Amino acid sequence: MPTSMPTGACDVVVVGAGIVGAATAEALALDGHRVTVVDRGTPGGEATAAGMGHVVVMDDSGPQIALTAYSQKLWDDRADSLPAAGERMVCGTLWVAADDEEMTEVHRKANFYHARGVDAEVLNSSGLCKAEPQLRGGLAGGLRVPGDSVIYPPPIAAAMLETVRQRGGKVLLGSAVTAMTGQEVRLQDGTVLHCDYAVNATGCGAGLLCSGIEIRPRKGHLVITDRYPGFVRHQLIELGYLKSAHSSTGSSVAFNVQPRPTGQLLIGSSRQFGEDSAEVDFEILSRMLARAVEYMPAIASLSALRVWTGFRAATPDKLPLIGPHPEDPRLLLATGHEGLGITTSMGTARLIADSLAGRPTAIPLEPYLPSRMLMGAHAH
Ligand SMILES: Cc1cc2nc3c(=O)[nH]c(=O)nc-3n(C[C@H](O)[C@H](O)[C@H](O)COP(=O)(O)OP(=O)(O)OC[C@H]3O[C@@H](n4cnc5c(N)ncnc54)[C@H](O)[C@@H]3O)c2cc1C
């Protein structure tokens, strides 16, 4: 974090009360800072409410596994103090391989996880069948990662804000921010909040409040079913998901099903760039459900209760922006978490709080620093 800045307790304004802003505000309040949180809506009302809530260790890159594994540990550490409405369940992830080519990826992934101390078990075709009897026959196998969990983050965000209040902080909801620097946050009603630091945790809205950062909304659809307890046991994801998540253009769908503690199933997932409308896209929805039925035929007989869409805040290099804006060192960014922000909110919050306090961070901050975008090819 910047040098020659205020030391000790600071006035910090956190803009955005999604899971990233709420976790960051909580960590700062617990460090003794005087925190004000501002959100135009309700806690966790945007991407945080739309997401699947899968707390997952992902291995696309070294920095990604570092942040996801660190964050998962932080979620695990606070498991006992999460509100019941946060519906945490350690169901594990089962990455499903359709053919031999995807089995090669299973082995690569297993080695990558093992080398980093993440528990993972390779399953052959019959092991996969035993683990998830509803999957169609003839699949090649899979990788079980037992430590992954699922949560429902909006009530967790609300509980984090309650901690901020208990520490003497303020939470201003229904207040849109129209402009911000590291020392001034201007609200729509004309109020100006003065501070030592400000945090931009506005997800997809972050680029509208800060110059020089490129955040693109990436639309997703999810379906929730009626209650079918025991229908699936793990978060199930086809390995083809990785191809779909990596594509940086066009639309893609992948088989991705999650059991909820209520017995309901969440069925995903889709990814679309260049779609600003929150309307359900029936062409994508039917492709997504057809993919789910291809892997798990009995899904066709379940009843769906609701479908919704949400937007992931995507950066060009698929890593979040965490840390000071190079042109305004007191303006801290905590955005661009794309499809992993529920997981990585915890690590983000700790990285920001530790750097502000001058403590060593548990993982290196450098890969996530906004300077890589502002000073690199994406600067404007
Ligand atoms: C379909 C889908 C599935 C997903 N699945 C998962 C998953 O399984 N696991 C996972 O880890 N992640 C998942 N994600 C990603 C995850 O939901 C997001 O990365 C995460 O919720 C981002 O949190 P956030 O706090 O940054 O953003 P948000 O939750 O969007 O919060 C931003 C807040 O800022 C406020 N705001 C914006 N602009 C302003 C302004 N000008 N003034 C005041 N307030 C403002 C908004 O009201 C909002 O409350 C998924 C996302 C989608 C869409």
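This is a predicted model: local features need pLDDT of at least 70, side-chain atom pairs count only at pLDDT 80 or more; totals for chains, interfaces and linings use all residues.
## Ligand shell

Residues are numbered from 1 along each chain as its sequence is written, and side-chain values use heavy atoms, with hydrogens and water left out.

The ligand is surrounded by 34 residues, of which Asp39, Thr48, Val177, Glu338 and Thr343 are the closest. By class, the shell holds 15 nonpolar, 14 polar and five charged residues; Ala, Val, Leu, Ile, Met, Phe, Trp, Tyr, Cys and Pro count as nonpolar, Asp, Glu, Lys and Arg as charged, and the others, Gly among them, as polar. At least two shell residues come from each of helix 1 (19-30), helix 2 (47-50), strand 17 (304-314) and helix 10 (341-357). Helices (H or I, at least four residues) and strands (E, at least two) are DSSP runs numbered from the N terminus.

## Polar contacts and cover

The backbone of Glu338 places an N or O atom 2.8 Å from an oxygen atom of the ligand. Polar backbone atoms of Arg40 and Gly339 each lie 3.0 Å from a nitrogen atom of the ligand. These pairs fall under the cut-off for a polar contact, N or O atoms within 3.5 Å. On its own the ligand has 1000 Å² of accessible area, and the protein covers 94% of it (Shrake-Rupley method, 1.4 Å probe).

## Helix 3 and helix 10

The axes of helix 3 (residues 62-77) and helix 10 come within 7 Å and cross at roughly 90 degrees, the axes being lines fitted to C-alpha atoms over the stretch in contact, with angles from 0 to 180 degrees between N-to-C directions. Helix 3 is therefore roughly perpendicular to helix 10 (65 to 115 degrees).

Residues in contact (heavy atoms within 4.5 Å) include Leu67 and Trp75 of helix 3 and Thr343 and Arg350 of helix 10.

## Backbone geometry

The peptide bond from Gly268 to Ser269 is cis, with omega near -10 degrees; Ser269 belongs to strand 16 (residues 264-273).

Definitions and conventions. A residue is near a molecule or strand if one of its heavy atoms lies within 4 Å of it. A polar contact is a pair of N or O atoms within 3.5 Å; within protein, one must be able to donate a hydrogen and the other to accept it, and residues adjacent in sequence count only if both atoms are side-chain atoms. Angles under 35 degrees count as roughly parallel, over 145 as roughly antiparallel, 65 to 115 as roughly perpendicular and the rest as oblique.
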